[in-house]
Amino acid sequence: MQFNHAVHTGEQNGMTCDMCHEFTENGSFKGIPTIAKCTECHSAAIGSTESEKVLVEQFVTPHKEIPWKVYSRQPDNAYFPHAAHVKRAEIKCEECHGPHGSSNTLPVYQVNRISGYSRDIWGRNISGLPSHPWEGMKMDRCVRCHAERHRDDSCLDCHK
Amino acid sequence: MQNATETTAVLIAISEREKRPMNITRRELLTFAGGSILGALFTPIPWKLLDDSAIWTQNWSLIPRLPRGPETFTFTGCTLCPGGCAVKARRVNGHPVSLVGVAGHSLSNGILCPMGIAGHHLAYHPLRLRRPFAFTGKGADSPLVPSTLDEIASNLAPMLKDIRSSSSKGTIAVLDQRPGRVLSDLYRKFVSNFPGGIYAVAPGSEDPTLTTLRALCNTTEGTLGYDLENTRVILSFGAPLVDGWSTPGRTVKLLQNRNQNGLKLIQVEGVQSRTALQADTWLPIMPGTEAALALAIGGVIVRQNLFPAKIEKTSPDFHTYKTLVSKFEPEDVAAVCGIPSSVISETAHALASNPSVVMSGYDPAGGPLDSATETVIAGLNVLLGNIGRTGGISLHPPIPSPGATTSPAVGLAQVPDHSVRLLLIDGAESGHTYPLSLLKRKLTADGGTVVMLSPYLSSRSALADYLVPSPAAFESLEEISTPPGARRSSFALSLPLLKQPDTTVDPATLLAKLAGASGLPSVGAETVESCLRQRAHDIWLSKRGTLATPTGSSQTPVMAMASEEELWKGLSEGGWWVDNMQDKQVNPRLTLLGLMTPDRYDKASAPALDTTGTLKLIPFGWRNATMTASVAPVLSKLFQESHLRSLGGRVHINPSTLAANALSDGAYVKISTHSGNMTAQAVADPSVIPGVIHAIVGPSPNNTASKDRPEAEGILGLCAVRDDGSWRITEATIAKA
């Protein structure tokens, strides 16, 4: 199934990131939306694309969660509070995730066979030198951003 | 011709060399390998491999993984201390991942302390007991060997039968760390089957002022509580009101709203504690002179006729009290306790002209003040007419309970010395600690036998002969009964969030096992759940109170409920029952001094100390943080990195006292008392008044490695325990270690 972010965030629908990637009442980040969120609009098929058909028939109707691949999934020992970064520090989603929200297609999910995580974590370039400022989600990037913003760091801030 | 010959020779030589295989020398090989390695370091390959391999090691199958799945929320209650705060647990795939307070909850007001926030981690504590153990001897180095519940019961059977037949020199006692639960009733029933059986409550499990007032009121019925919501002046002798007193959310909310409710807090304490910092007035008192201050305040009230007229008639010992306080002039007391006489007078006037409450502090590690001091502090409430008054101290009906319990509750200090042959220590925690010597002297001369229910191996385990693993917090169905000092009786359930290991033992199961071993019939309910259902049944039968939903959005009177199942269902969903019965009438004949004779106060005005001589050693702690095992290791950040909380093994001393003893900040000092000595790190702390060693009985969150032997008792081992069970102040000296 292909997902088109641009259709959702473009002029026709005008949705913002946090309409699907929500924050809960207690400030925690829900991350990838559940099928219930999709069902709010797609309880019946909108349009006739193959992806729409798959969405409705295979997931919405049987109320089955979509096994999304997450390009930015961090190791379990890394704790990242979206609320602190998005709500408090007012960092735009694009600063870390790039222009993902305006893409027409999802990039191919490539897994690192050794680490088991998405290749996007290291960055597509094996040298580790990003082609774009938002590429890569390694710790050095966290540290650099914190240093630029004069935030004090402690191991247990992120590694609980 | 010659040139042609030479040219031919060279060509032949080249041809011959080309025919030979290429020779790679060892040097060339090593040079190539070294160059390759060096060159590879300038490519991303080794660094990327290193990074990937590091992450790969986090993905081994034996490493626990965070669950993924649907997110749900459960309302429950925290049982780490008697405060019983409401908890909202976020669960992923049924597994609790975060705990927060419940906004809108009428009792805890959305506040949850750091201990509660990390409460679900404690089940995984490195010192967790996962099966019964037995110590093979009484010595400190006696090994801990695995055992079973049946083995323990059969080992204890002869002793239990012996005690039942009255042929034993000692008796059986149960030490309840959190009285007032349905389990407490079960313990009382159990010990009542044995001649002289004792049901004792642990130090710190009850409010000291209210316990003393109960004796002054000479009443056994009802429960005393503070009507703080209508109080205008609180005089606190060290009560940690904003730092873990009763249900923290209650007092924190009151003090946050003091601009609206007009509440004034006067904190009397020898250190500028968190409560003292937030008080309207901090009275830095020389520890040990609290009785003198209370009597001086009482003297001002009596001399200036600031008390209700009826007190003179209703208090049989009013004139004795009047004579006693006449000896405590503010000017004289000011020189001793360090509080100006004008402030003493102002405090007396503030108390007398407003709805007020006077309370003492039960430090989680320092324990209560001595009984004589507690009496005159509680007596101020009697003198001011605070008992039974709005904004004072009320006597409210207890939680409905069906049967009378046959064994009365006594404080641990009141248990006769060397009278207990078999001691059973309850697994719940009061959040307070006490010197083991207080417990040891209650045991028979041979050291007695101690069976300890506990989720963890702790410093207290050193005293045990048998360790029985009880469920950790949030692992089993428990109750949250009325917190100490609460205005109304309340009841809720603490619903489990984690699966209880099969090897843990429900306290009711242990009692049933011991009853069987001693030839007794069953003591009642077989499980904790059946006990709790019985309590819900009793509440429903009484038709008292209302059941609030967890978030306080709606309330249903019990009277309007169709069946007891409806009440149980509401409680099982995190609901909270609060009583609405009217207060009971207090016995009008209240005494001011109780059984205390005036001569007990002859030495109340102790002289100020010389800071170079004997100092006052005062242990202090933060509720629930006085033992290693009570603190989730993840809170090491709180204690070690941020220094928001003090760690054990440190003593806070005023810089002038340190200088007078030729010591400096951070130096290791040897503290000596009559009970022994130990080394600790000194912290120069101007918030501690001179002449005092403020010794932290705190946790060591990282000290979790040893499962072989319980950790040493530490500073509490140096404290002198008095006959009344108090250990607040001990004479001590310090020197460079």
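In chain A of this predicted model, residues 24 or more positions apart account for 53% of the contacts with a separation of 6 or more. The secondary structure of chain A consists of 9 helices and 0 strands. Read from the N terminus, its elements follow the order α-α-α-α-α-α-α-α-α. The C-alpha trace of chain A extends over about 50 × 35 × 30 Å along its principal axes. Among its 160 residues, 6% count as buried.

Chain B may be described in the corresponding terms. It contains 22 helices and 28 strands. Taken along the principal axes, its C-alpha atoms fill a box of roughly 150 × 65 × 60 Å. Of the 737 residues in chain B, 50% are buried. When the contacts in chain B between residues at least 6 apart in sequence are considered, 76% of them join residues at least 24 apart.

The two chains touch each other. At their meeting point, 16 residues of chain A are in contact with 15 residues of chain B. On the side of chain A that touches chain B, the residues divide into 6 nonpolar, 8 polar and 2 charged.

Within chain B, a pair of packed helices may be examined next. Two packed helices are described by the angle between their axes and the distance between the axes. Helix α14 of chain B, residues 330-337, packs against helix α15 of chain B, residues 341-352, at an angle of about 115°, and their axes lie 8 Å apart. Because angles of 65 to 115 degrees count as roughly perpendicular, α14(B) is described as roughly perpendicular to α15(B). The crossing of these two helices, α14(B) and α15(B), is right-handed. On the side of α14(B), the contact is made by Pro330(B), Glu331(B), Val333(B) and Ala334(B), while α15(B) contributes Ser341(B), Ile344(B) and Ser345(B). The residues of this contact between α14(B) and α15(B) comprise 4 nonpolar, 2 polar and 1 charged.

Strands of a sheet pair through backbone hydrogen bonds, either parallel or antiparallel. Strand β17 of chain B, residues 466-469, takes part in pairings of both kinds. With strand β4 of chain B, residues 133-135, β17(B) runs antiparallel, and 2 bridges join the two. In this region Ala134(B) stands opposite Tyr466(B) of β17(B). With strand β16 of chain B, residues 449-454, β17(B) pairs in the parallel sense over 4 bridges. Here Leu453(B) stands opposite Val468(B) in β17(B). Tyr466(B) and Val468(B) also share one side of β17(B), whereas Leu467(B) and Pro469(B) lie on the other.

Another arrangement of strands in chain B is a closed barrel. It is formed of 6 strands in the order β23-β27-β24-β26-β25-β28 (chain B), and its pairing is mixed. From one strand to the next, the twist averages 45°. One of the pairings, between strand β25 of chain B (residues 668-673) and strand β26 of chain B (residues 676-684), is antiparallel and extends over 6 bridges. Within it, Val669(B) has Ala680(B) of β26(B) as its bridge partner.

Methods. Residues numbered from 1 in each chain as written. Chains lettered and ligands numbered in written order. Predicted model: local features only at pLDDT ≥ 70, side-chain atom pairs only at ≥ 80, totals over all residues. Axes fitted to C-alpha atoms, helices over the stretch in contact; angles between N-to-C directions. Parallel < 35°, antiparallel > 145°, perpendicular 65-115°, else oblique. Left-handed = near helix turned anticlockwise from the far one by under 90°. Contact = placed C-beta atoms within 7 Å. Nonpolar A, V, L, I, M, F, W, Y, C, P; charged D, E, K, R; others polar. Buried ≥ 20, exposed ≤ 12 C-beta atoms within 10 Å, placed from the backbone. Pairing = 2+ DSSP bridges.
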